[in-house]
Amino acid sequence: MLTKTCALVFIAICSLRAAPRAFDDAKKKQAAELEQLAADLRDSKPDKRRTALHGLIKLATPPAWRLVMEALGDVDSGVGDDAQIALAALGDAALIEELVGKRGLDAKEERVAVRAAEALGRSRATIDGGELVKRFATRDPELTRMLLWSIERLAERDKLGGRRDKIAEAVARLEASRLDLGVSCAALAALARLDATRAEEAAV
């Protein structure tokens, strides 16, 4: 009986000693996988980049999600659009903040900003509408239209954070400016979700 007990204790001690090594091995394997996927994401072949993108989405670590954000700028619509759709599933507040900021809406490349705006409109998380209206730009109608589309969709699903009255006021001002027909139409649609009475008055 004593011999059996000693054997069990020995096995338990060995298992405890092996656990940190197994954890370290798993971390090294994940780091190597991330490095390979990052390299493949910059490959010249769109199919290889798309495969890498889906590998990163499956990995779902913060560094992997940042690479998915990088893929928003891919010239191939299949890669960029897949990245945009995947980012709608983000639940990490810090990563969403990066998508709202320098890695997304504030990116220098317009393609990245527009795709980020659409991803935020599809988001399952609550998005601060005040951050979206701050980025309305009369010289960038495509981005502004997408921000308005996202405000409309978020409001429809009750995922629009921030003060609705202030957001509605900014949207109404943009609609009244009539600087771009597409922007005005998108603003009116968003306003209808935010403040139906104000939208009716604007439509007259």
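A crossing of two helices is left-handed if the near helix is turned anticlockwise from the far one by less than a right angle, and right-handed if clockwise. The structure is a predicted model, in which local features need pLDDT of at least 70 and side-chain atom pairs count only at pLDDT 80 or more, while totals for chains, interfaces and linings use all residues. Residues are numbered from 1 along each chain as its sequence is written, and side-chain values use heavy atoms, with hydrogens and water left out.

Helix α2 (residues 46–59) passes helix α3 (residues 62–70) in a left-handed crossing; helices are DSSP runs (H or I, at least four residues) numbered from the N terminus. The two pack at an angle of about 145°, with axes 8 Å apart; axes are lines fitted to C-alpha atoms over the stretch in contact, and angles run from 0 to 180 degrees between N-to-C directions. Contact (heavy atoms within 4.5 Å) is made by Leu53, Leu56, Ile57 and Leu59 of α2 and by Ala64, Trp65, Leu67 and Val68 of α3.

Helix α3 also packs with helix α5 (residues 93–100), at an angle of about 20° and with the axes 11 Å apart. Helices α3 and α5 are therefore roughly parallel to each other, a term for angles under 35 degrees. Here the crossing is right-handed. Pro62, Trp65, Arg66 and Met69 of α3 meet Leu95, Glu98 and Leu99 of α5 in this contact.

Key: Parallel < 35°, antiparallel > 145°, perpendicular 65-115°, else oblique.
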